[in-house]
Amino acid sequence: DDATKPFAAPRAMRDRPDMHASVARSAKIARPRRPAASRWITAGQSAIHGRGVYAREPIPDGTPVIEYTGERITKAEAARRETQRLARQRRGDDDSVYIFNLTNRHDLDGRTRRNVARLINHSCAPNCRIEVVRGRVWITARRDIPAGAELTFDYGFAFPDWALHPCRCGSPRCPGFIVASAQRWRLRRIPRAERARQAASP
């Protein structure tokens with residue numbers, strides 16, 4: 001019942017500048033060690049797609065809201081799991097993307113119920129960002145977030161895969177598909193009729 005969720009599959013990983021998370025400098029930013037759950041959030045049905053994550057209370061700008069946890073796997077294993085995901089997609093089953101590009105050798109597969117962060121939806125105008133601190137992935141508030149607001153971040157999928165990931169975020173400048181912000185200008189060059197055709201495809 002989850003929406004299409006993070007993170008871009010192996011092909012996209014090679015090509016998405018926005019999804020390569022910024023590395024916070026631990027000397028300046030203290031990161032508490034939280035479990036997979038977080039006091040800041042609660043999960044519920046999303047206005048964007050499937051289930052989502054909402055602020056339980058006001059979240060200050062810069063707060064590390066929740067850690068994205070999962071299984072650390074090799075690139076080869078990530079590629080194998082992506083093949084399985086595409087097979088599920090062809091069958092009409094759950095094709096959510098949970099694999100996060102971690103290093104040149106390893107990825108993080110967040111497909112586990114304990115990983116509440118996997119429910120966070122994409123938005124083209126996100127209120128959160130991704131940070132990697134000492135090999136751990138954090139969802140961090142990029143501005144003050146009011147209580148009750150849905151948490152979002154930019155999935156940053158690669159442009160060549162644009163047709164695979166329709167976007168339902170509803171933000172004013174949403175181009176209709178999930179593409180890394182630095183590459184959205186390329187998407188806007190595609191004729192509107194073609195984008196509409198792809199959006200209507202099953």
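These questions and answers test the labels given to parts of a predicted model.

Me: How many disulfides are counted here?
Reply: The count is zero disulfides. Cys167 is in none, and its nearest cysteine sulfur, that of Cys169, is 3.6 Å away. A disulfide needs the two sulfur atoms within 2.5 Å. Cys169 is likewise in no disulfide, with the sulfur of Cys167 at 3.6 Å.

Me: Why is Cys167 called buried?
Reply: Its relative accessibility is 12%. Buried means under 20%, so the label applies. Cys169, at 15%, also counts as buried.

Me: Where does Phe177 lie, and what is its distance from Cys167?
Reply: Phe177 sits in the loop between β11 (152-153) and α3 (184-187). Phe177 and Cys167 are ten residues apart in sequence, and their C-alpha atoms are 4.3 Å apart in space.

Me: What makes Phe177 buried?
Reply: The relative accessible area of Phe177 is 1%. The limit for buried is under 20%, so Phe177 qualifies.

Me: What is the strand order in the open sheet of three strands?
Reply: The order is β5-β7-β6, with antiparallel pairing. The twist averages 35 degrees from one strand to the next.

Me: Why are β5 and β6 called edge strands?
Reply: β5 (71-74) and β6 (99-101) each pair on one side only.

Me: How do you know that β6 and β7 pair?
Reply: Strand β7 (residues 106-109) and β6 pair over three bridges, in the antiparallel sense. Asn101 stands opposite Asp107 in β7.

Me: Which helix lies across β5, β6 and β7?
Reply: Helix α2 (residues 75-91) does, running at about 100 degrees to β5.

Me: What makes Arg136 and Glu67 a salt bridge?
Reply: Their side chains meet at 2.6 Å, N to O. The cut-off is within 4 Å, so the pair counts. Arg136 is in strand β10 (residues 136-141) and Glu67 in strand β4 (residues 64-68), so the bridge ties together parts 69 residues apart in sequence. Both residues are buried. The structure holds ten salt bridges.

Me: Why do Arg80 and Glu77 count as a salt bridge?
Reply: The N to O distance between the side chains of Arg80 and Glu77 is 2.6 Å. A salt bridge needs within 4 Å, so the label follows. The two are three residues apart in helix α2, which means a separation of about one helical turn.

Me: Is Arg80 buried, exposed or partly exposed?
Reply: Arg80 has a relative accessible area of 42%. Buried stops under 20% and exposed starts over 50%, so a value in between is partly exposed. Arg80 is therefore partly exposed.

Me: What is the closest N and O distance between Arg81 and Glu77?
Reply: In the salt bridge of Arg81 with Glu77, the closest N and O atoms are 2.6 Å apart. Arg81 and Glu77 are four residues apart in helix α2, so about one helical turn separates them. Arg81 is buried, and so is Glu77.

Me: Which residues are linked in a network of salt bridges?
Reply: The network links Glu71, Glu77, Arg80, Arg81 and Asp109.

Me: How many aromatic pairs does the structure hold?
Reply: There are four aromatic pairs.

Me: Why is the pair of Tyr68 and Phe100 called tilted?
Reply: The ring centres of Tyr68 and Phe100 are 6.4 Å apart, and the planes stand at 40 degrees. Centres within 6.5 Å make a pair. Stacked is under 30 degrees and edge-to-face is over 60, so the rest is tilted. Tyr68 lies in strand β4 and Phe100 in strand β6, so the pair ties together parts that are 32 residues apart in sequence.

Me: How do you know that Tyr68 and Phe100 are buried?
Reply: Tyr68 has 1% relative accessibility. Phe100 has a relative accessible area of 0%. Buried means under 20%, so both labels hold.

Me: What makes Phe153 and Tyr155 a tilted pair?
Reply: The distance is 5.2 Å centre to centre, with 50 degrees between the planes. Phe153 is buried, and so is Tyr155. Phe153, Tyr155 and Phe157 form one aromatic cluster.

Definitions and conventions: Residues are numbered from 1 along each chain as its sequence is written. This is a predicted model: local features need pLDDT of at least 70, side-chain atom pairs count only at pLDDT 80 or more; totals for chains, interfaces and linings use all residues. Side-chain values use heavy atoms; hydrogens and water are left out. Buried means under 20% relative accessible area, exposed over 50%, partly exposed in between (1.4 Å probe, protein chains only). Two strands pair if DSSP finds at least two bridges between them. Axes are lines fitted to C-alpha atoms, for helices over the stretch in contact, and angles run from 0 to 180 degrees between N-to-C directions. Contact means heavy atoms within 4.5 Å. Rings of Phe, Tyr and Trp (its six-membered ring) pair if their centres lie within 6.5 Å; planes under 30 degrees apart count as stacked, over 60 as edge-to-face and the rest as tilted.
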